[in-house]
Amino acid sequence: MQKYIYWFKEIGIKDIPLVGGKNASLGEMYNRFTKFRIQNSKFKINVPNGFAISAKAYFYILESAGIKNEIKKILSDLDTSDMQNLAEKGHQVREAILKAKFPEDLEKEIISAYQKLSTNYQLSSTNYQLVDVAVRSSATAEDLPDASFAGQQESYLNIKGEYALIEACKKCFASLFTNRAISYRQDKGFDHFSIGLSIVVQKMVRSDKACSGVAFSIDTESGFQNAILINGSWGLGENIVKGVVNPDEFFVFKPTLEKFRPILNKKLGTKEIKMIYSQEGNKPTKNVEISEQEKNKFVLNDDEILQLAQWVKIIEKYYKKPMDIEWAKDGIDNQLYIVQARPETVQSQKNVNVIETYKLQGDSHKLLCSGAAVGSKIGQGKTNVIKDVHEIEKFKKGEVLVTEITDPDWEPIMKIASAIVTNRGGRCCHAAIVSRELRIPCIVGTKNATQILKNGELITVSCAEGEIGKVYQGNIPFEIKKINIQKFKKPKTKIMMNIGEPNQAFSLSFIPNDGVGLAREEFIINNFIKIHPKILLAIDKQQFIINNKKINEKILKTIENITQGYKNKSQFFVDKLAEGISMIAAAFYPKDVIVRLSDFKSNEYSNLIGGEYFEPKESNPMIGWRGASRYYSEEYKEAFELECQAIKKVREEMGLTNMIVMIPFCRTLEEAKKVFLEMKKNKLIVDAYKSKRNQLKIYMMVEIPSNVILAKEFAKIFDGFSIGSNDLTQLVLGIDRDSELVSHIYDERNEAIKILIRDVIKIARQNKVKIGFCGQAPSDFPEFAKFLVKCGIDSISLNPDTVIKTTLQISKKH
């Protein structure tokens, strides 16, 4: 008798031809990682039990019902470029399969297995019930490393009862011929009858009462392999995959995961709706709105994030390739489960030896809307705003697809679009996944693109400007550069980078480099925190009158919106600063990452939310209360404590010990010692003495003439120097670099500046102290970079877009 049912315990990854990629992977994980199979709790992974209906069953149905030839005839004049033809042919094939009668022996075997699965999950011996199951398609060509068939066939959740199960199986078999599946196979050169369909029947995880999501063992945007990306939303997982919700997003760092708690970044999604079980008619699931409390709460706590990350790391290590994983949390037993695992098929196939960069030309462009950028390319074309999938036949090759969301039914036109823009969705939604595979720019989660963009309007879609994707009016010129870094020769002088934007750090890490010579805290505070630290401390103390002025209610409301989920508002500052620093430190780990402590001027601090209540009005803030002078000041030291806490968290909680701290604008030796004492009070260092600092290296910015004149003395208390030419130039030449009136005199190449630079490099080398350069000059002037090399500088830190060009210039001399 032919066997059509295989339990997870009977199958493994070698059985893809028999049970498809999804079933084979579930079987492999069930046998290798579940608590029923192994004793070492460190490697236990929860995988719900189930069984596979093999691909032999699918071919058995086609033969017994005599519909194989009928399907071939229907597809004989298929034209996938004709949307109407594709839709008609797909519908005819699906109807033929749905009307086919299941062979009686196959139906009995499926029902018998379902009953056995139900018995295994009975909570009571006296009250037998058939269990709720997920019925998913598992194609025999699915989840291959170089082709992703994921999402092309249907899945059915909360299926309960024998009749419902058989009907769901019929629909799964028919979904092998959805329009998008037919089109995809045709494009990839797969014969329609060489691919069979197996079905997963798996016990449901009650994530309708908790949460679910997806996880990748690689960053899906940059291909950075040391980070784990986890997305999650309330309820069943279909909404994330379909892009209906903007989920929570978490990044975890793999290399330090065994000994530390390296959650690099936590971003709260809007999560407007959730999918739950339905009792309405024949609909097994439905979407409902979520409460404000749920919107403002992360779906996972830190322990759960780290547990999932450990599982993702174990699975990736076992399969020896980057993985795309689906997870769910059961709201009844409060356990996490892995419900799918397949190879990641986009970034893992990318040639990491070729760096491709896109850059818009000019700077005065009219911004129409923005959202989350997917990829790093630029696309252009006329907009085609389509609000219903039934209108896709109106779409023409080379247009920009603008819509609410996409699902697999949109794929036939997505592959001919020059770019895609959606109102809804996150970085792991359907539109994002498909556009990555197609390598076209995509912006998701704009909220209002379908209202703002008009049909036929010429636009430029830019994903080349960081995390935020931007849609501009018109056809804006742009340039593309490709560099093969395999042929790239490094000079003896270390070439580091200046980094401000943490969200670009993963991508920038692929540029040949020796670490980060300058990571600016100001960018993180300005863009991710936005709030003055002292007003957060005041709110925590319930102090709403500052210097006889009552804090404006509007400001308090803005702060409350930004810091949602935080009762302790100053902790928001610590966490977000730590996240920004950690993203940069992780991207370049284990190379040195030099983080400059905050160096806002008082006028810049005033521009932060609530800053006007705490900042003085200085006539020349450029040489006023800034840098080191703030850190030990009675008026600011409490805020500096928050910076120390953030750095401590990055090093001690996340294990990112490659981070070096740099003190800016340190005028005197006494000032340096006062800052060290504050760091000691905040337990950032054990002792102020250079040899007893708990392995934390502290550098000083050389940007004041006194730093050069007393360099020998500063070298006794600092571990290294970094020359900042911007401030050094203005202070040596007596120029306010913000003044247009004397800007023509400002020049870092002035001989007076070069003499000081040459002297301080010589002193540093004599005293065996590391010295680098992080100013603007070598990024702008290649000859200045050569001057630094000739002086014997240890490292030069450049803006990312000039690293390749400047390195090649320097290398000519080596």
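Student: Which residue in β4 is the bridge partner of arginine 136?
Tutor: In this predicted model, the bridge partner of arginine 136 is serine 155 in β4, where strands are DSSP runs of E with at least two residues, and helices are runs of H or I with at least four, numbered from the N terminus.

Student: And how many bridges do β3 and β4 have?
Tutor: Strand β3, residues 133–139, pairs with β4 in the antiparallel sense over three bridges; two strands count as paired if DSSP finds at least two bridges between them.

Student: What order do the strands take in that open sheet?
Tutor: The five strands run β1-β2-β5-β3-β4, with antiparallel pairing. Since β1 (5–7) and β4 (155–159) stand at the edges with a single partner strand each, one side of each is left without a neighbour in the sheet.

Student: New topic: how many salt bridges are there in the whole structure?
Tutor: A search finds 43, a salt bridge being a side-chain nitrogen of Lys or Arg within 4 Å of a carboxyl oxygen of Asp or Glu. One of them joins glutamate 678 and lysine 637 at 3.4 Å, N to O. Glutamate 678 lies in helix α22 (residues 669–681) and lysine 637 in helix α21 (residues 637–653), so the pair ties together parts 41 residues apart in sequence.

Student: Is glutamate 678 buried or exposed?
Tutor: Glutamate 678 counts as buried because its relative accessibility is 7%, the cut-offs being under 20% relative accessible area for buried, over 50% for exposed and partly exposed in between (1.4 Å probe, protein chains only).

Student: What should I know about the numbering and the values?
Tutor: Residues are numbered from 1 along each chain as its sequence is written, and side-chain values use heavy atoms, leaving out hydrogens and water. Local features need pLDDT of at least 70 and side-chain atom pairs count only at pLDDT 80 or more, whereas totals for chains, interfaces and linings use all residues.
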